[in-house]
Structure formats: C-alpha cells, structure tokens
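Here is a short report on one protein chain. Keep the sequence and the 3D view open while reading.

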Amino acid sequence: EIIKSRRLGKLILNETFETEKYGKPLKLINILNDTPESKKWSDRDYKIGMRKFSEMITVEARKGPLLNLHIASFEPEFCSDLINSVILNLEKLLKTFKLSELLEKKQYIGNRIFEVEKSLIKAEDQLKIFREKNRSISFSPALLLEEARLQREVEVQEQIYITLKSELEMAQIEEFEDISMVQVLDPPQASDDISTGPF
C-alpha cells in the first residue's frame, strides 16, 4: 500500500536519475513525462507521472513480511537505481510514521503522568490528614480499615506513576534509536528483461 501510495510516489518523482536515453541527470517526473526541459510541474503532470510510475512497479507478496519488488522500464540500470530509490524513500517514510506514533504516545503518556501525579498528591494528602486527625487508631478497627484503604490508594497511584514514567523513558529511547525499518534480502540489480528486484 505504501509503495503504491501517492505520498511515496511524489517523493520518488522528485528524485534525480541518470539514463542513457537523456544523457543527463533528470527528475523522474521529467523522465516519465518525457519532458526533459521542464522545471515546473502542474498537478496534472504529477498525476500522469504517478500513474506511469505505478504501472512500472510490481509488488509481489511472499511468505511472511517478504516482498518481491520489480520495475520494468526502458533501461535496466535505470530500473535498478529506481528500486534503490524506492527502498530508501520507503525507509524514510516508515521512520516518519513511527516517529509520529511515538510523539503521539509521548504526548498521551505526558498527559496521563500529569493527571496521575495530581491524584497521587491528593491521595498522599488525604492519608496525611487522616493520620494527623487520628493519632491513636490502634484500638479502632474502623479507623485501621480506613487507613489501610487510604494507604492502598497511595500505593496504586504510585505504581501507575512509576509505570507511566517507565513507559515515557522507553518511548524516548525508542525515538532516538536508529533501527532500519526495511531489510533488503537481495539488493536490486539490473536484469536482461528490463526489470529488477526483489527486496
């Protein structure tokens, strides 16, 4: 879905490639629309370019998360370079999605920490006030039960607070981890039938 998406397509269309046919580096949109001299492109140009790019590329699902990616065009080396660009831009896009999810998660956890901290302070204050008002509760089962209930509430809020702090720390670590989102099993290579793949 992402490989065939307009978002990835637009990124690829703005990438520069070298071809024997044109003899100089050109943006993919120029190559696909056969407009080597164009410097500006309309929405229609992008739509035509994206349709042509989508028709060139074939994605075959294999077992598990593996995919075969093939591109057919007029030059084998151009196809190989194009697939490399697709893989690199796919990686960037997936990292962007992951970062966006992490930022949302951090925002949610931060809000929850703020709420739980207020609840914890309130529970601690209630327990403190109760103990100050009832200094001799040893002989009152009702007061002992009330103290135990207040103590439990403090402990529950403490555990939630600690868990949220731990989750926030994990999210911050994950945000700065540089983990590859795409693993290339077989790198792209030019082939005689003017297609290339898989990854």
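Predicted model: local features only at pLDDT ≥ 70, side-chain atom pairs only at ≥ 80, totals over all residues.

**Helix α1 against helix α4**

Start with α1, residues 6-13, and α4, residues 76-133. The axes of these two helices come within 10 Å. They cross at roughly 130 degrees. That angle makes α1 oblique to α4, because angles over 145 would count as roughly antiparallel and 65 to 115 as roughly perpendicular. The crossing of α1 past α4 is right-handed.

Which residues meet here? From α1 come Arg-7, Leu-8, Leu-11 and Ile-12. From α4 come Leu-82, Ser-85, Val-86, Asn-89, Leu-90, Leu-93, Thr-96 and Phe-97. By class, the residues of this contact are eight nonpolar, three polar and one charged.

Ser-85 sits in helix α4. Is Ser-85 buried or exposed? Its relative accessible area is 6%, so Ser-85 is buried, as the cut-off for buried is under 20%. Beyond its neighbours within four places in sequence, Ser-85 is in contact with Ile-12, Glu-15 and Phe-17. Ile-12 is 73 residues from Ser-85 along the chain, yet their C-alpha atoms are separated by 6.9 Å.

Leu-102 also lies in α4. Leu-102 is buried, with a relative accessible area of 5%. Leaving out residues up to four places away in sequence, Leu-102 touches Ala-171, Glu-174 and Glu-175. Now take Leu-102 with Ile-113. These two are 11 residues apart in sequence and 16 Å apart in space, C-alpha to C-alpha.

The two C-alpha pairs are set out here.

| Pair | Separation in sequence | C-alpha separation |
|---|---|---|
| Ser-85 and Ile-12 | 73 residues | 6.9 Å |
| Leu-102 and Ile-113 | 11 residues | 16 Å |

Strand β3 covers residues 57-61 and strand β4 covers residues 67-71. The two pair in the antiparallel sense, over five bridges. Val-59 has Leu-69 in β4 as its bridge partner. Five residues lie between the strands of this hairpin. In the hairpin, Gly-64 takes a positive phi near 65 degrees.

**Asp-34 in a loop**

Where is Asp-34? Asp-34 is in the loop between α2 (28-32) and α3 (43-56). Its phi is near 55 degrees, a positive value in a residue other than glycine. Most residues other than glycine have a negative phi. Asp-34 has 48% relative accessibility, so it counts as partly exposed; exposed would need over 50%.

Methods:
Residues numbered from 1 in each chain as written. Heavy atoms only, no water. Axes fitted to C-alpha atoms, helices over the stretch in contact; angles between N-to-C directions. Helix = DSSP H or I, 4+ residues; strand = E, 2+ residues; numbered from the N terminus. Parallel < 35°, antiparallel > 145°, perpendicular 65-115°, else oblique. Left-handed = near helix turned anticlockwise from the far one by under 90°. Contact = heavy atoms within 4.5 Å. Nonpolar A, V, L, I, M, F, W, Y, C, P; charged D, E, K, R; others polar. Pairing = 2+ DSSP bridges. Buried < 20%, exposed > 50% of the residue type's maximum accessible area, 1.4 Å probe, protein only.
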